[in-house]
Amino acid sequence: MATSTGFLFFFFTFIFSLFSFLVFISRMKPWCNCHTCRSYLTKSWTHTFTNLCDWFTHLLKNSPTGTIHVHLVGNIITSNPDNVEYILKTRFDNYPKGKPFSTILNDFLGRGIFNVDGDSWKFQRKMASFELGSVAIRSYAFETVIDEIKTRLIPVLASKAHDKTESLTEAETERSDALDLQDILRRFSFDVTCKFSFGTDPACLLPSLPSSNFAEAFDLASKISAERGIAALPMIWKMKRFFKIGSEKKLSEAINVINDLAYDIIKQRREMGFASKKDLLSRFMGSVNDDDKYLRDIVISFLLAGRDTVSAGLAGFFTLLSKYPKVEELVREEVNRFRNPVQEYPTFDEIRQMHYLNAAVHESLRLFPPVQNDSKFAEDDDVLPDGTVVKKGNRVSYHPYAMGRMEKIWGPDCLEFKPERWLKDGIFMSEDLFKYPVFQAGSRVCLGKELALMNMKSVVATLVPRFDIRLVGLDYEPRFVPGLTASLRGGLPVKVYERKC
Ligand code: HEM
Ligand SMILES: *[C@@H]1O[C@H](CO)[C@@H](O)[C@H](O)[C@H]1NC(C)=O
């Protein structure tokens, strides 16, 4: 009896999958033979470009409208600011995150803000923007960051620092005892984001560089979820999940580790009282009382949103700074100008007054946006402002990485790291957000933008005066690993030299 039910179930699943597959295929154009689709399918682009995002940048640059269509996968990709405004604001309702992605990320993120549209999104957005806007949470976040810098980041870097007497150029070409700055920054960001979201300290950033079950489970779950998104046939991962095998078995194990921890924390908070606590979870517990799964989903989305993005942003910043000593000098000069003899670390207000620092951080995010591209799914047929025809169900993406490298948008010096571009008479001037959708823009603009910028600036303002951080190998060109956020293959090898200041 059990076997025949099992068989029937399997049979219907199979038929259903086959049907979905046919619908899926009919929406794409697997027979498309245009240059872009052929190059995509045969991967011949890899002969000319290191990274997929660089190939797309090249295609977008050469498109008269700044928009391309990869027919094969039904994906329209744009770098045209008018289109970006139209998708993210004017016709926001027609471009939700959509079902395809929410299915892919559902096991990991559930109903968290990152993964939902409609009323559930509106509710969380309202609640979260209220909390994140409060002075109490901003100063809690700042204290957390400064504390992690003071007690962990600086001591760890100092413990791995080299002696300045060593010849710089000689050392720079030698990889053997380099430090992986990407790894350090991710540990930093994980600690800070966990403290902020849950009020717990995973202590990943210690001189011994310990491994953490939670961080590893989190990485694995992000990675496998991202791979689901790249898979040509969704049916395959669904089958693997059904039979609990391979990568899907690992994903479900990783999610169990994450859930055990999350539910433990929620239970503890409930027993010990959360009213006086300042972390996000405790604050959300005031509005969501008795739905632990929902609380878990809400907080996990924040962890994902805040963690790898900030570390990726900082990795990009130090990559550029290492190549532009003049910018480094100017950052140092500004931080020193604010230096207060009785206080070792800059205050929130001091950092807010550092315009050059703000410009430098914005400028590095322009060239190395942590989220290189982002997609929506069209609810209905439509036409974009540049005339591109959109069919219902098309995936429509905007591409911050390509946009940061377009002469049309930033002028002929677009590839240079030039914080001055953001300053007018020494005052920071923000740009049109649809030209610079690094934090997205419009109705769903990143909720952690101010927090993220503050975290990045705090790290820069405290490290740059103390250390010279130099990339190993002067010809270093970033190679990215596919994933949800920009991540460097092989890490970011650097040497750190302590400055006598
Ligand atoms: C440099 C760092 C960051 C960058 C570049 C960044 C970028 C983005 C982008 C592009 C989105 C849109 C994603 C999408 O809709 O598909 C987004 C959404 C979001 N971000 Fe950030 N983010 C950063 C840091 C943070 C931090 C630190 C937090 C948390 C405190 C945060 C919280 C959120 C949330 C909650 C959303 C979802 C908003 C919504 O759907 O309404 N982000 N971010
Ligand atoms: C989109 O962004 C992700 C990470 O941010 C990256 O892995 C992927 O290659 C990008 N795709 C394109 C088409 O640029």
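This is a predicted model: local features need pLDDT of at least 70, side-chain atom pairs count only at pLDDT 80 or more; totals for chains, interfaces and linings use all residues.
**View 1. The shell around ligand 1.**
Of the 22 residues around ligand 1, A305, G306, T309, C446 and G448 come nearest. Three helices each supply at least two residues of this shell: α6 (118-133), α14 (292-323) and α20 (449-463). The top contributor is α14, with 6 residues. By class, the shell around ligand 1 holds 14 nonpolar, 5 polar and 3 charged residues.

**View 2. The shell around ligand 2.**
Ligand 2 is surrounded by residues from several stretches of the numbering. L52, C53 and F56 are among them, as are V371, Q372 and N373. F480, P482, G483, T485 and A486 also belong to the surroundings of ligand 2. The shell around ligand 2 divides into 7 nonpolar and 4 polar residues, with no charged ones.

**View 3. Helix α20, a contributor to the shell around ligand 1.**
The helix has 15 residues. From first C-alpha to last, α20 reaches 21 Å, close to the 21 Å expected at 1.5 Å a residue. Of its 15 residues, 11 are buried, so α20 is largely enclosed by the rest of the structure. The buried residues of α20 include A452, L453, N455, M456 and K457. S458, V459, V460, A461, T462 and L463 of α20 are buried as well.

**View 4. Helix α7 packed on α20.**
Helix α7 (residues 135-160) and α20 pack at an angle of about 35°, and their axes are 10 Å apart. The crossing of α7 and α20 is right-handed. From α7 come A141, F142, V145, I146, I149 and I154. These meet L451, M454, N455, S458, V459 and T462 in α20. The contact of α7 with α20 has 9 nonpolar and 3 polar residues, and no charged ones. N455, S458, V459 and T462 in this contact are also among the buried residues of α20.

**View 5. Helix α9 crossing α14.**
The axes of helix α9 (residues 181-198) and α14 come within 8 Å and cross at roughly 150°. Here too the crossing is right-handed. On the α9 side, the contact is made by L181, Q182, L185, R186, F188, S189, F190, T193, C194, S197 and F198. On the α14 side, it is made by V299, F302, L303, G306, R307, D308, V310, S311, L314, A315 and F318. The residues of the contact of α9 with α14 divide into 13 nonpolar, 6 polar and 3 charged. G306 meets α9 as part of this contact, and G306 is also one of the residues nearest to ligand 1.

Most residues other than glycine have a negative phi. L209 has a positive phi, near 45°. L209 sits in the loop between α9 and α10 (213-230). With 14 C-beta neighbours inside 10 Å, L209 counts as partly exposed. K244 is not a glycine either, yet its phi is positive at about 50°. K244 lies in the loop between α11 (234-242) and α12. K244 is exposed, with 11 other C-beta atoms within 10 Å. M272 belongs to helix α12 (residues 246-272). M272 is exposed, with 10 other C-beta atoms within 10 Å. The C-alpha atoms of M272 and D413 are separated by 56 Å, and these residues are 141 apart along the chain.

Conventions. Residues are numbered from 1 along each chain as its sequence is written. Chains are lettered from A and ligands numbered from 1 in the order in which they are written. A residue is near a molecule or strand if its C-beta atom, placed from the backbone, lies within 6 Å of it. Helices (H or I, at least four residues) and strands (E, at least two) are DSSP runs, numbered from the N terminus. Ala, Val, Leu, Ile, Met, Phe, Trp, Tyr, Cys and Pro count as nonpolar, Asp, Glu, Lys and Arg as charged, and the others, Gly among them, as polar. The expected span of a helix is 1.5 Å times one less than its number of residues. A residue is buried if 20 or more other C-beta atoms lie within 10 Å of its own, exposed if 12 or fewer, and partly exposed in between; C-beta atoms are placed from the backbone. Axes are lines fitted to C-alpha atoms, for helices over the stretch in contact, and angles run from 0 to 180 degrees between N-to-C directions. A crossing is left-handed if the near helix is turned anticlockwise from the far one by less than a right angle, and right-handed if clockwise. Two residues are in contact if their C-beta atoms, placed from the backbone, lie within 7 Å.
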